[in-house]
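Subject: Handover of a structure and notes on what was found

Dear colleague,

Please find below the structure that I am handing over to you. I would be grateful if you kept it open while reading the notes.

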Amino acid sequence: MELTRTGYGSAVDCLVTGGTGLVGNTVIRMLAGQGRRVRTLVRGRSGEREFAGIDVERVTGDVTDPESVRRAVAGARVVIHSAAVVHVGWRRLAEMRRVNVEGTRPVSYTHLRAHETEADL
């Protein structure tokens, strides 16, 4: 399969955050292998190597940025949130808290809100 970049908000089966990490990339490969339409939220221009040979839509942004999350979540039926900063020790505690705690809120709230809106229609 080759990399595709469809328009933001097009329907996808699943959004996977943390797609360049071990867990997220494994999930993306599994879903794509099942023929699922997958989107991932990536920071900067990352992912060329991680997504080589996988049909996945990439949205550039950050899990702590509500606008990035809104673009990534738009049209996704399911969200698998695996984005995280993993570090042993206290040196990166603030960054871990920002991504692992504060980054979870916009992802979950945005997805829940999108589905509440759909249910109200």
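The notes below go from the chain as a whole to single residues and pairs.

This is a predicted model, in which local features need pLDDT of at least 70 and side-chain atom pairs count only at pLDDT 80 or more, while totals for chains, interfaces and linings use all residues. Residues are numbered from 1 along each chain as its sequence is written, and side-chain values use heavy atoms, with hydrogens and water left out.

The chain as a whole

The chain contains four helices and four strands; helices (H or I, at least four residues) and strands (E, at least two) are DSSP runs, numbered from the N terminus. Read from the N terminus, the order of the elements is β-α-β-β-α-β-α-α. The chain has 121 residues, and 35% of them count as buried. Here, buried means under 20% relative accessible area, exposed means over 50%, and partly exposed lies in between (1.4 Å probe, protein chains only). The accessible surface of the chain is about 7300 Å², and carbon and sulfur atoms hold 56% of that surface. These areas come from the Shrake-Rupley method with a 1.4 Å probe; for residues, only the protein chains shown count as cover. Among contacts with a separation of 6 or more, 59% are between residues 24 or more positions apart, where contact means heavy atoms within 4.5 Å.

Helix H1

Helix H1 has 12 residues and spans 16 Å from its first C-alpha to its last, close to the 16 Å expected at 1.5 Å a residue. The expected span is 1.5 Å times one less than the number of residues in the helix. Which residues of H1 are buried? They are Gly24, Asn25, Val27, Ile28, Leu31 and Ala32. Seen down the axis of H1, these buried residues fall within an arc of 160°, so they line one face of the helix; the arc is that of the directions from the helix axis to the C-beta atoms. The buried residues of H1 pack against E1, E2, E3 and strand E4 (76–81). On the other side of H1, Leu22, Val23 and Gly33 are exposed. Just after H1, Gly35 has a positive phi of about 85°.

Salt bridges

Side chains of opposite charge can pair when their charged atoms come close. A salt bridge is a side-chain nitrogen of Lys or Arg within 4 Å of a carboxyl oxygen of Asp or Glu. The structure holds nine salt bridges.

One of them joins Asp13 and Arg37, with the closest N and O atoms 3.0 Å apart. Asp13 lies in strand E1 (residues 12–17) and Arg37 in the loop between helix H1 (22–33) and strand E2 (38–42), so this pair ties together parts that are 24 residues apart in sequence. Is Asp13 buried or exposed? Asp13 counts as buried, because its relative accessibility is 12%. Arg37, at 43%, counts as partly exposed. Asp13, Arg37 and Arg77 are linked in a network of salt bridges.

Asp13 and Arg77 also have a polar contact of 3.4 Å between their side chains. A polar contact is a pair of N or O atoms within 3.5 Å; within protein, one must be able to donate a hydrogen and the other to accept it, and residues adjacent in sequence count only if both atoms are side-chain atoms. Neighbours within four places in sequence aside, Asp13 is in contact with Arg36, Arg37, Arg77 and Val78.

A further salt bridge is formed by the side chains of Arg98 and Asp62 (3.8 Å, N to O). This pair links distant parts of the chain, with Arg98 in helix H3 (residues 93–102) and Asp62 in the loop between strand E3 (56–60) and helix H2 (66–73), 36 residues apart. Arg98 counts as partly exposed, at 38% relative accessibility.

The side chains of Glu102 and Arg105 meet in a salt bridge as well, at 2.6 Å from N to O. Glu102 is partly exposed at 38% relative accessibility, and Arg105 is partly exposed at 37%.

Two further glutamates

Glu57 is located in strand E3 and is buried, with a relative accessible area of 3%. The side chains of Glu57 and Arg39 are joined by a polar contact of 3.0 Å.

Glu50 is in the loop between E2 and E3. Between the C-alpha atoms of Glu50 and Gly21, which are 29 residues apart along the chain, the separation is 8.5 Å. Apart from its neighbours within four places in sequence, Glu50 is in contact with Thr20, Asn25 and Arg29.

Yours sincerely,
A colleague
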